[in-house]
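Here is a short briefing to read alongside the model on your screen. Take a look at the structure first, and then follow the topics below.

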Amino acid sequence: HLVNLKATCGWTDSSFTLLLQLLCDMFPEDNVLPNRMYEAKKILSTMGMEYEKIHACPNDCVLYRKEYEGLSECPKCKTSRYKVKKDGSCGEGTTKRQPSKVLWYLPIIPRFKRLFASATKAKKLRWHSEERISDEKYLRHPADSPQWKKIDEMFPQFGSEPRNLRLGLCTDGINPYGTLTSTHSSWPVLLVIYNLPPWLCMKRKYVMLSMMISGPKQPGNDIDVYLAPLIEDLKQLWEEGVDVFDAYKKEYFKLRAMIFTTINDFPAYGNLSGYSVKGHKACPICEADTHFHQLKHGKKTVYLGHRRFLHRFHPYRKLRKRFNGLPEHGIAPKALTGEEVYSRVERINVTFGKNQRITGEKNIWKKRSIFFDLPYWRSLDVRHSIDVMHVEKNVCDSLVSTLLHIPGKTKDGMSARLDLVDMGIRERLHPQLRDDGRRAYMEPAAHTLSKAEKRSLCGCLHEIKVPQGYSSNVRRCVSMDDLKLVGMKSHDYHVLMQQLLPIAIRGIMKDEVRTTVTRLCAFFNAICNKVIDNEKLDELENEGYIILSQLEMHFPPSFFDIMVHLVVHLVREVRLCGPVYLRWMYPFERYMKILKGYSKNPYRPEASIVERYVVEEAMDFCKDYLSEKKEQSRHEEGRSKGTRGLKVKNVCREEILQAHLYILYNMEEIQPYLVEHKKSLKNMNPKKGDMQIALEQNKMFIQRFKEKVSHDTNVSKTIEWLAWGSSFQVITWTGYDI
């Protein structure tokens, strides 16, 4: 109950320890209440869910499980399984050898069973089927999306049971030490359940930690090695299912589950999908049809040619001077289906491990993703979602840095202007050498702001006041001396892009540039809505193509990195998978911040995170269990019975005496008097048996006890009160007579 209060009220560990110490001082000295949070955790550890500690090769070659379980060195790279000591030994012959790297796996099947063990949660897991507003016009939930409906049609046995789970998977690297000087990278793998109502899907209570991959190095392309235990459980949940008791329906059923999509930033997107997200073909949707250009002076690859996404007769296709000097006759590439992707990767043989060399021809596909072991994976239209949070953050950062011409971050500089010379476009913006031949003059571009305009933009943001919790204090992020933005987080860029920037640029810049930037802000605002109108998606998608084409007119080619290009594919994923706010990384980033706070042991940060997560899991279960049991006692079998009031019941004198005698027989203080009275009866009646003595004692004990107490002046007030019993009443409490 105390831990339940801690979980409900959000007490810190230190405050809970102070409470336990106070209670221990109040209670008798022989009390067994723990006096520290550490001791309380030990009690709760027996109630927590289990986890597996799996040793791994430090080079990410294999997990020491199944056929490799008994090995002491990696069968591929021959690296020792255990940490090497300073003397060069590995602790051979001892029982406390430390593994070089560990995977902490928290099995998901028992956790799903625990979800359905709660009647409240079991009911919420049916929300998408029983309580969701279902119509064809709006997308409010992933259950409204074509991908969800496609699964139901292709796998009717799975779709017919509303309790079968659709899951979202997210993984990303965190630094458990919270310091920039440390390069330690731990990778938690999180799961969310899309069966829940949209306001609960991403809540902390329903985000499930399924595994923790230890550092210090990130797994990278070898993450499939660590995902193997999770994929095996998911495969079992899809093919066989598990028997689970539904506390809401009071019945057993066969539970199945599937991964609906994965949610990651772009580098992790490449690790999970097996696609190379760097280089000339960095777009995983366009794949081989990615339109790239290698800048000679900027030393980077940019992705242009967004006019080909416009409809065939759009006037922008014929414009030459404002683009690359050529008309556009290309057509938009089509996204690959799951079957097409599988045909490209099924024959790729990859040996996992940091020390393994890749041989053979270079391929934009690095591996066959382990997710293809799941039978349904090829059938999904969107297997890995593009994270809108990081796309919006990077686009906004590039846009603001270019408008304010922030040194080191702006996309318009001498290198960008020289690239225009190489490409032979926008002659007006080419650098012009001065008479001395040492300096060059750069003509202001359409997006270039004067110092007064920069001061106006920064001054507007500096004076903005927002409600607490809306965003960071924007005033602190604006440097009026340097005229730039500093220290902004992802959510600050989200607020800036969708709400503040259109206001700040009013009255400055050229009209055509300001209109394009405002339309870009409105575009992100539209795709981030919680309710999406299906009929407006085509219009919104075409709007995105026009905006990117207009940006190509006004901004230098170096502006168009891969993040800007990915904007063209965002509406497609909204159409297929539903609202963005259930597929971006904001809730996961917040939860990973919580996981960082769990790290209290610098020597084993991942272990402390997992241990504390398991304790919190047990606390959450106890909280739900206690609240449900309390509710059931008030409404047992549908008949309401009061628990707060009492009723006085009139009874005869014999029943009162019987109740009085029952209490006396069960009080420890009265036992000496009972023994003494029983001995005296046996001495007076030696021929009577035990049964007759007991009956005689029942008749005479109360009177003898009163006489004994009245003559003894050393008895306590409690015994004196029990002897006379003058204030006894028979009452009814929760249906029982006392």
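What follows is a lead summary and then notes grouped by topic.

This is a predicted model, in which local features need pLDDT of at least 70 and side-chain atom pairs count only at pLDDT 80 or more, while totals for chains, interfaces and linings use all residues. Residues are numbered from 1 along each chain as its sequence is written, and side-chain values use heavy atoms, with hydrogens and water left out. The protein chain holds 26 helices and 22 strands; these are DSSP runs numbered from the N terminus, helices being H or I with at least four residues and strands E with at least two.

**The chain as a whole**

- Of its 738 residues, 49% count as buried; buried means under 20% relative accessible area, exposed over 50%, and partly exposed in between, with a 1.4 Å probe and protein chains only.
- Among contacts between residues at least 6 apart in sequence, 66% join residues at least 24 apart; a contact means heavy atoms within 4.5 Å.

**Helix α7 and its neighbours**

- Gln147, Trp148 and Ile151 are buried in helix α7, which spans residues 146–154. Seen down the axis of α7, these buried residues fall within an arc of 105 degrees, so they line one face of the helix; the arc is that of the directions from the helix axis to the C-beta atoms.
- The packing partners of the buried α7 residues are α6 (127–130), α8 (156–159), β4 (165–171), β9 (257–264) and α20 (570–577).

**Strand β4**

- Strand β4 is largely enclosed by the rest of the structure, because 7 of its 7 residues are buried.
- In a regular strand the side chains alternate between the two faces of the sheet. In β4, Leu165, Leu167, Leu169 and Thr171 point one way, and Arg166, Gly168 and Cys170 point the other way.
- β4 pairs with β9 in the parallel sense over 6 bridges, and Leu165 stands opposite Ala257 in β9. Two strands pair if DSSP finds at least two bridges between them.
- β4 also pairs with β5 (residues 187–193), here in the antiparallel sense over 5 bridges. Cys170 has Leu190 of β5 as its bridge partner.

**Salt bridges**

- The whole structure has 31 salt bridges, each being a side-chain nitrogen of Lys or Arg within 4 Å of a carboxyl oxygen of Asp or Glu.
- One of them joins the side chains of Arg166 and Asp152 at 2.2 Å, N to O. This pair links strand β4, where Arg166 sits, to helix α7, where Asp152 sits, 14 residues apart. Arg166 is buried at 1% relative accessibility, whereas Asp152 is partly exposed at 26%.
- Arg322 and Glu512 meet in a salt bridge at 3.7 Å, N to O. Arg322 lies in the loop between β11 (301–302) and α12 (338–345) and Glu512 in helix α17 (residues 511–527), so the pair ties together parts that are 190 residues apart in sequence.
- Arg519 and Glu543 meet in a salt bridge at 2.7 Å, N to O. Because Arg519 lies in helix α17 and Glu543 in helix α18 (residues 537–554), the pair ties together parts that are 24 residues apart in sequence.

**Backbone details to check**

- Most residues other than glycine have a negative phi, and most peptide bonds are trans.
- Gly215 and Pro216 are joined by a cis peptide bond, with omega about 10 degrees. Pro216 is in the loop between β6 (208–213) and α10 (223–239).
- Arg426 is not a glycine, yet has a positive phi of about 50 degrees. Arg426 belongs to the loop between α14 (414–423) and β13 (432–433) and is buried at 15% relative accessibility.
- Leu483 also has a positive phi, near 55 degrees. Leu483 is in the loop between β15 (478–479) and β16 (484–485) and is buried, with a relative accessible area of 8%.
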